[in-house]
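User: Could you walk me through how to read helix packing and burial in a model like this one?

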Amino acid sequence: MRFGVRALYQNKWAILAFAAMLALLIVVPLSPVLDKYTMLLTFIAINAMVTLGLCLLMGYTGQVSLGQTAFYGIGAYISAILSKTYGVNPWLAMLIAAAAAGLFAYLIGFPIFRLRGNYLAMATLGLVLVVYTLFRELGSLTGGPDGMSGIPHLSIGGLHFNTPATRYFLVWSFCLAALVLSQNIIRSRTGRALRAIHGSEAAAQSVGIDLSRYKVKIFVLSAVYASIAGSLFVHTLRFVNPQPFGFLASVMIVTMAVVGGLASIWGALFGTAVVRILSNEVLLRFGSLDIIVYGLILMVVMIFVPQGLFVGLRDTFQRWRLKRARQEAPT
Amino acid sequence: METGQFLQYLVTGVTMGSIYALVGLGFTIIFSVTGIINFAQGEFVMLGGMLSFILFDSFGLPMGLTVVLSIAAAALLGILLYLLGIRSARKASPVSLIVITIGASIFVRGVAAEIWTKDPVRPPYFTGSESLSWAGAYIQPQVLWIIGTALVAMIVLHVFFSYTTLGKALRACAISRQAAGLVGIDARAMALIAFGLAAGLGAIGGVVMAPHTTVSYESGVMLGLKGFVAAAIGGFKSHTTAFFGGLLVGIIEALTVAINWGPFRSEYADAVALIALLVILVIRSRSLSAGERAS
Amino acid sequence: MRKWFSLLLVVVILAAAIPLMGCGSEKEAYKVGAIFAQTGTNSSLGTPEAQTVEMMVQRINDAGGIDGHKLEVIVYDTKSLSDECVILTNRLIDQDGVLAIIGPSSTGESLAIKGIVDAAEVPLVSCAAGAQIVTEAPTKWVFKTPQSDVLAVQEMYKYMKSKGWTQIAILTDSGGYGKGGKAALESEAATYGMNIIAKETFDPAGTDMTAQLTNIKNTGAQAFVCWTTSQGAAVVAKNRADLNMTMPLVCSHGVANTTFITNSGAAANGVVFPAGKLLVADQLDDTDPQKDVLLTYKEDFEEAYPGKTADTFGGHAYDALNMVVEALDEVGADKAKIRDYIESEITDWAGTGGIFNITPTDHMGLTEGCFIMVEVVNGEWTWLKTS
């Protein structure tokens, strides 16, 4: 049972959940009580786009990508450099960055997915280290380890996205669009092929599906998502430095994806939100012990709900519904 | 470049390479027996170093004893990680298990930082600190310990895996868990031993390394990364390839600094080593699959 | 069911009432925000800074607070990440309603939040090194306490010139601190007649720098400069001894930490570096205006944290909070007035970093003379009094 766009119409609980989420999202920046969470939620939306790409990639190819933040960083820096240093229109810069990220992904993915074996981890590890080193070293272009500030904000015509609330709505529009788009992709022909591969690679191959072609496609898609997220990131923060794009950050994205649930689109959002809220709100109470508690919680969650929190919750919910339906049905 | 200078770079490369090799061995052992990539592997190295310092500095124990205790403690922690973290996660996929090890590595780093210290620490040298001169290069006695220990570990492991029953049982698990089960090998006991062994190996690396390089709560991150690369070269299956892979990473790093021309300079040393090895990997696997297609 | 509900209602009302009960007689607390990198890459900066702040708050409140108002400093950990820093800054401003913010620990984080404090009109006193924090717009609401790298370099070059070392090599770390140092070393070289014949870099968390040192050894330079914090510097010092190098080593002010000596052992001897006067506080002349501040800080910190020594980074936070506290004492809970006070009244102000003279065009306020040269002799800091 999935929460696809079409499925939404059939599943009243899904509609309810989605509507509730939308309502909450709209209310937060406008309510004087909740608007302090605006920045946090903005960053959650941005991170969720990166996690989404990874969820799809890992869920459907079965390989671990350790370099999602490389594409995130490419999007961020290309947007920053083009829009600030060269005065290029930020939207155009975002497009260029996404194209560049997609191209990189294709160039790397093409040889990697053709090989048998799990080489994606190594390749993406190499990518993220190289890209991070470049960001740090090409100082005249990137501002070096201290980064560059003064990046312009986005605007459409007269509407300027330069307040927390406007940026929030912009970013969430992108995020939700990405989520819905992914749903539609999964329902499309490409999606069916991907699901076949996910079910059994041997079986998929036997009906003539070219495994590597679809894996490369999803890799490129994940790179484009991450790149757009990176562009939105720098136009929100109006500052960029290499720190968020290293290996450790990449590992965090993997964590968010797995905590939410792989191959689950809404799981990506859920996992990102849980991890972010945990480190930003809950763990502040622990002061400097927050890292210890964070590691513990991560372990405990994965031990008890290894399929991911969102997937686990959804399955539990389904079981409850089935149980109730059985109780209510005659005979 | 004269011989002495070149030799110096080589010594540097082999020194760090030996540590990466030990870490890589740890990754390989755990992966081959259990299919899990243990992201906490670097932390075991850090623990070895830090524990040996704490036992020496705060409890005044003699170095020989601290070394043994540190390694034993790390091995125990490895087993604990397996029992509490891995065994209890019943229907977890390999990826979920990886995240558990990520959580464990964060936890261990946090404990080291908060409970012990955030400052880097250095236990005393094993046999003194006067550099020995050899063919124009200067070698620290501790460096000989590092390289020697790594070599001995490799040889001992080789003997262990090839000639002892337990070692062969572990290798059987690596080849096929199902088949091993059929001949009466308990896969879960093997996994437990694998974790303890890998943790102990990491700690050995940490213990010999710490007097030479200092160790801090963050030391495990970079070491884990480099060891991961070493293990990946061996496909996470071959111990000898992982070992030499680690040495190769260290040597390439040192030589990149030495060349100091174009992209081959100290700033890019990490990246260069990784790319070089990726290229090797791709070439190797292409020739492998070409061989398979041909046959 | 119903009786539980009423019991719950009573409990809730009581719980809500309790905080209201004590409120009438007390003056409102002065809230100040502090964001430091207590974990992550910059934790060696953030931890002593946070500890210093907590120690100060305790002392100030024990002595009756600021003009009867309790001082409340809300300390957050940025994890050395700029986006965390942004979220926390917003939190301090919107949720916690602070009157001023001290920190962050690093240049990158400071640059990330400048726009926010400027828009929200909240004074910020940064504890980060980068000069551009107060030279690049917007700067109206931004101040900083650490000395600029350029000042340290000038002191180092003066010393090296006096020793006749003009063919030099530099070894800097690849992080922000090292990059800043490298830029300063390069820009000041000509003025002091320094010829930089080799430049090497290394990862600040690196464990073996013998390859870089071998490169330097073979250049025939007269001396080399190492610009990094005490962790990397200890490894460099040790590696230098391992390689039997006799080339003199001059370090940056980042090594002014006892862990440098503990971890380098005998290899630290002979190393020279510029330091704030904190290191030799008790050797200072009684007429030195900084002596009192330094000794007070040192004693207070070491009393609050036995076994730890006060260091320059904690000192930056000490100066920052003291400026804010003094402003609060004079002008009360008004952000604009606090800002104005710091800009105009911090003149000839003795801090741990030096004598501050903040003006509308110079929001750092330190010039030459805030550094002294120190040499490690037999494991102890020794003041190298030049002229």
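Analyst: Happy to. A crossing is left-handed if the near helix is turned anticlockwise from the far one by less than a right angle, and right-handed if clockwise. Helices (H or I, at least four residues) and strands (E, at least two) are DSSP runs, numbered from the N terminus. Here, helix 3 of chain A and helix 13 of chain A make a right-handed crossing.

User: What should I know about the model and its numbering?

Analyst: This is a predicted model, where local features need pLDDT of at least 70, side-chain atom pairs count only at pLDDT 80 or more, and totals for chains, interfaces and linings use all residues. Residues are numbered from 1 along each chain as its sequence is written, chains are lettered from A and ligands numbered from 1 in the order in which they are written, and side-chain values use heavy atoms, leaving out hydrogens and water.

User: At roughly what angle do the axes of helix 3 and helix 13 of chain A cross?

Analyst: Axes are lines fitted to C-alpha atoms, for helices over the stretch in contact, and angles run from 0 to 180 degrees between N-to-C directions. For helix 3 (residues 38-61) and helix 13 (residues 265-282) of chain A, the axes cross at roughly 135° and come within 8 Å. That makes helix 3 of chain A oblique to helix 13 of chain A (under 35 degrees is roughly parallel, over 145 roughly antiparallel, 65 to 115 roughly perpendicular, the rest oblique).

User: Which residues of helix 3 of chain A meet helix 13 of chain A?

Analyst: Contact means heavy atoms within 4.5 Å. Helix 3 of chain A contributes residues including A:Leu40, A:Phe43 and A:Asn47, while A:Ile265, A:Thr272 and A:Arg276 are among those in helix 13 of chain A.

User: Is B:Val207 buried or exposed?

Analyst: Buried means under 20% relative accessible area, exposed over 50%, and partly exposed in between (1.4 Å probe, protein chains only). B:Val207 counts as buried because its relative accessibility is 2%. B:Val207 lies in helix 8 (residues 187-213) of chain B. Leaving aside neighbours within four places in sequence, its contacts include B:Gly48, B:Val67 and B:Phe126.

User: And C:Arg339: buried or exposed?

Analyst: C:Arg339 is buried, with a relative accessible area of 6%. C:Arg339 sits in helix 13 (residues 335-345) of chain C. Not counting residues up to four places away in sequence, C:Arg339 touches C:Pro123, C:Lys140, C:Trp141, C:Phe143 and C:His363.

User: How many of the 14 residues of helix 3 of chain C are buried?

Analyst: Twelve of the 14 are buried, so helix 3 of chain C is largely enclosed by the rest of the structure. C:Ser82, C:Asp83 and C:Arg91 are among the buried residues. After helix 3 of chain C comes C:Gly97, with a positive phi near 60°.
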